[in-house]
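Please read the following briefing alongside the sequence and the coordinates.

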Amino acid sequence: MVDNRSKDLRRSIVAMLEAGGRGHIGSAASIVEILRVLYDSWLQYRSYEPHWPERDRLLLSKGHGCLALYAVLADKAFFPKEELKTFCKRYSRLGGHPETKVPGVEASTGALGHGLSIGVGLALAGKILRQHYRVAVIMGDGELNEGSVWEAAMSASKHQLSNLSVLIDYNKMQSYGSTREVMNLEPLADKLKSFGFAIREVDGHEVSLLEHQVKLLPFDNTRPSALICHTIKGKGFPIAEGNTEWHHKSGFSDTDIRMLYDNIQ
């Protein structure tokens with residue numbers, strides 16, 4: 001079960017699906033609590049001044065999960081909640097992957113495997129310029145199949161980027177199957193340790209546990225951090241949980257939308 005705040009954010013996701021007629025619901029639902037906790041408890045930002053120089057930078061590398069990001073940004077008043085109803089409309093700035101024209105979006109993402117490299121660049125720039133902002137990158141587990149991820153990880157370790165934190169949405173599923181079947185990541189924690197990251201693991205839907213771990217970031221003041229968040233793809237929508245058919249959906253009927261609204265857990 002998720003609490004009322006998480007349910008409200010998931011209702012916003014359904015409202016966007018209803019408006020746009022399509023979206024990556026499974027990939028968004030698994031990161032609701034991760035985003036919520038980061039914006040509630042860790043990130044320093046000014047929603048009324050999205051480019052405030054001292055802000056912390058958050059990158060949603062798994063850009064297809066943007067429904068959750070939009071829901072949280074609207075909740076934090078980066079733009080009006082009414083704008084969520086324009087999702088995927090021809091005139092809207094809220095597309096199926098996030099772009100920098102959306103207030104609060106640091107980088108246009110969606111081509112998987114690029115977000116960590118961008119995050120490394122931002123973190124390294126912060127170190128060079130002696131600025132105190134922090135960088136957080138949310139990555140999908142299927143995304144870790146990309147070789148550029150591990151090149152970026154080596155670079156982050158080499159440059160001792162303690163201002164860089166990676167949060168992995170480890171729902172153990174990707175677009176067409178389980179990560180174990182497609183490209184087994186285990187032992188994931190050991191892999192990240194071998195690349196020089198300070199590692200912790202957490203239930204990615206238990207808000208109190210997430211808050212505790214996130215507030216400890218960075219886990220080490222001499223190297224980058226990675227928090228492996230164990231999640232469920234489609235979390236909060238029973239029909240979508242652990243179901244690859246709900247990785248992306250389109251052509252929602254009124255009955256589909258009502259079913260999603262009425263069965264948020």
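The notes below go from the sheet to its strands and helices, then to cavities and to single residues in loops.

This is a predicted model, in which local features need pLDDT of at least 70 and side-chain atom pairs count only at pLDDT 80 or more, while totals for chains, interfaces and linings use all residues. Residues are numbered from 1 along each chain as its sequence is written, and side-chain values use heavy atoms, with hydrogens and water left out. Helices (H or I, at least four residues) and strands (E, at least two) are DSSP runs numbered from the N terminus.

**The sheet**

- An open sheet of 5 strands has the order S2-S3-S4-S8-S7 with parallel pairing, where two strands pair if DSSP finds at least two bridges between them.
- At the edges are S2 and strand S7 (198-203), each of which pairs on one side only.
- Neighbouring strands of this sheet are turned by 20 degrees against each other on average, direction ignored; the axes are lines fitted to C-alpha atoms, for helices over the stretch in contact, and angles run from 0 to 180 degrees between N-to-C directions.
- In general, the strands of a sheet pair through backbone hydrogen bonds, either parallel or antiparallel.

- Strand S2 (residues 57-60) runs parallel to S3 and is joined to it by 4 bridges; arginine 57 has valine 135 as its bridge partner in S3, and leucine 58 stands opposite alanine 136.
- From S2, Arg57 and Leu59 point one way and Leu58 and Leu60 the other way, and all are buried, where buried means under 20% relative accessible area, exposed means over 50%, and partly exposed lies in between (1.4 Å probe, protein chains only).
- Strand S3 (residues 135-140) is mostly covered, with 6 of its 6 residues buried; Val135, Val137 and Met139 point one way, whereas Ala136, Ile138 and Gly140 point the other way.
- Between S3 and strand S4 (residues 164-170), which run parallel, there are 6 bridges, and alanine 136 stands opposite serine 165 in S4.
- The chain crosses from S3 through helix H6 (residues 147-158) to S4 in a right-handed β-α-β crossover, a term that applies if, with the strands pointing away from the viewer, the path from the first strand over the helix to the second runs clockwise.

- S7 and strand S8 (residues 225-230) pair in the parallel sense over 6 bridges, and alanine 198 stands opposite serine 225 in S8.
- Helix H9 (residues 207-215) packs on the sheet, touching S4, S7 and S8, and its direction makes about 165 degrees with that of S7; contact here means heavy atoms within 4.5 Å.
- Helix H3 (residues 32-41) is mostly covered, since 8 of its 10 residues are buried, namely Val32, Glu33, Ile34, Leu35, Arg36, Val37, Leu38 and Tyr39.

**Cavities**

- The count comes to 3 cavities of 30 Å³ or more, a cavity being a set of points on a 1 Å grid over the protein atoms alone where a 1.4 Å probe fits but cannot get out.
- The largest cavity holds about 110 Å³ of space, a volume being the space filled by probe spheres set on the grid points, which are joined across faces, edges and corners.
- This largest cavity is lined by 14 residues, of which Tyr45, Asp56, Phe78, Gly104 and Glu106 are the closest to its centre; lining residues have an atom within 4 Å of a point.

**Residues in loops**

- Asparagine 163, in the loop between H6 and S4, counts as buried because its relative accessibility is 11%.
- Not counting residues up to four places away in sequence, asparagine 163 touches Ala123, Lys127, Tyr133, Arg134 and Val135.
- Most residues other than glycine have a negative phi, and most peptide bonds are trans.
- The peptide bond from glutamate 186 to proline 187 is cis, with omega near 0 degrees, and proline 187 is found in the loop between helix H7 (179-183) and helix H8 (188-194).
- Leucine 217 and proline 218 are likewise joined by a cis peptide bond, with omega about -5 degrees, and proline 218 lies in the loop between H9 and S8.
- Cysteine 88, in the loop between helix H4 (66-75) and helix H5 (115-128), has a positive phi near 65 degrees.
- Lysine 172, in the loop between S4 and strand S5 (173-174), has a positive phi of about 65 degrees although it is not a glycine, and lysine 172 is partly exposed, with a relative accessible area of 33%.

Technical notes:
1 Å grid on protein atoms, 1.4 Å probe; cavity = no way out; pocket = protein on both sides within 12 Å on 5 of 7 lines; lining within 4 Å.
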